[in-house]
Amino acid sequence: MTPTDISAALRRALSLAEQAIGLTDPNPRVGCIILAPDGRELGAGHTQAAGQAHAEVMALRDAAARGHDVRGATAIVTLEPCSHHGRTPPCCDALIAAGIQRVVAAAQDPNPQVAGQGLARLRAAGLQVELADAACEAASRELNIGFFSRMQRGRPFVRLKSATSLDGRTALPDGRSQWITGEAARADGHAWRRRAGAVLTGIGTVLADDPRLDVRLVPTARQPLRLVLDPQGRMPPGARILQPPGDTRVIGPGRADLPALMAELGAQGINELHVEAGPTLSGAFLDAGLVDELLVYQAPMLIGQGRPLAELMPLSGLEAARRWQWVEATSVGADLRLRLRPT
């Protein structure tokens, strides 16, 4: 087996892991490829819904279904195999029992219940264990950025989404905003919603737009939890956000502490939080330093007077402005998708 075989298998395993988006929460998105000593693929799989089989077990099952013997084979996995009993048995034990000889992992699991213990158990059982290069590790971390955030910081990765005109307006002065961006951008936005464990908005947006905030423009195996901040109890009983599919939680009076809410959501297993809100709540998230990524769809139009992306606290000077760095700028239909993260 050549380094090229390993590299190609890692790329394929990462591609398989992407198929777990919108499926595995609160578990990470993991892919696994099993290779014969001559480099042939024997089995492949990705993690299933919580409580179901992990990627390694799916790959072993696939190999068995193909009639392959995996003794002496190499398992290529995008995240360290788990070593603890959760909803399912340890993947380490499954690999050892199957006779796998070598494991190449793209990244170490940030879960304190694993965090190197899986690799150590494999080594103790006599398997050859390696970590992939930095590029594969970065790709695995990026794919599971919310899982890493929850494990390492105790809170979700917060993505703030907005659709704006060229002059930064999200709506007319009276709140009308349908539609600033085109159909392609709206479908793309649903793909980012699908990544999230929860989608959050404020009661002002519910009263103004009556949104559904579900995932319906792209296929998904599960709906994210919908959260509405409603400190004064103004939620209309017939609001569309309360209707199926998916569940909705209304966060009422006394729950306006955003950092505490983020910690609570982390404790409840929310990896990525997708915020789609009006300028007041968006500004509150930004002023609190809770936004890990800005997802902005910019349409090629000028609106003039209108509502801003966020209402922020005044600055003492430009030197006090929070700086952001570009992650990507991509055309989506007639619009531009911008992603930025704090420097």
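The largest cavity holds about 40 Å³ of space. This is a predicted model, in which local features need pLDDT of at least 70 and side-chain atom pairs count only at pLDDT 80 or more, while totals for chains, interfaces and linings use all residues. Residues are numbered from 1 along each chain as its sequence is written, and side-chain values use heavy atoms, with hydrogens and water left out. On a 1 Å grid over the protein atoms alone, a cavity is a set of points where a 1.4 Å probe fits but cannot get out; a pocket is an open set with protein on both sides within 12 Å along at least five of seven lines, and lining residues have an atom within 4 Å of a point. A volume is the space filled by probe spheres set on the points, which are joined across faces, edges and corners.

**Cavity**
- One cavity of 30 Å³ or more is found in a search of the whole structure.
- Among the residues lining the largest cavity are Asp25, Arg29, Phe147 and Glu272.
- Helix H6 (residues 145-153) gives the most to this lining, with three residues; helices (H or I, at least four residues) and strands (E, at least two) are DSSP runs, numbered from the N terminus.

**Pockets**
- The largest pocket has about 1100 Å³ of space.
- Its lining has 45 residues, with Ser177, Thr205, Asp209, Glu276 and Ala277 nearest the centre.
- By class, that lining has 19 nonpolar, 15 polar and 11 charged residues (Ala, Val, Leu, Ile, Met, Phe, Trp, Tyr, Cys and Pro count as nonpolar, Asp, Glu, Lys and Arg as charged, and the others, Gly among them, as polar).
- The second largest pocket has a volume of about 480 Å³.
- It is lined by 18 residues, and Leu286, Leu294, Leu312, Arg322 and Trp324 are the closest to its centre.
- The lining of the second largest pocket has 16 nonpolar, no polar and two charged residues.

**Glutamate 56**
- An unreviewed UniProt entry lists Glu56 under "active site"; such annotations may be inferred rather than shown by experiment.
- Glutamate 56 lies in helix H2 (residues 55-65).
- Glutamate 56 is buried, at 3% relative accessible area (buried means under 20%, exposed over 50%, partly exposed in between, with a 1.4 Å probe and protein chains only).
- Beyond its neighbours within four places in sequence, glutamate 56 is in contact (heavy atoms within 4.5 Å) with residues including Cys32, Val77 and Cys91.

**Proline 211**
- Proline 211 sits in the loop between helix H8 (203-209) and strand E9 (225-229).
- Proline 211 counts as buried, at 14% relative accessibility.
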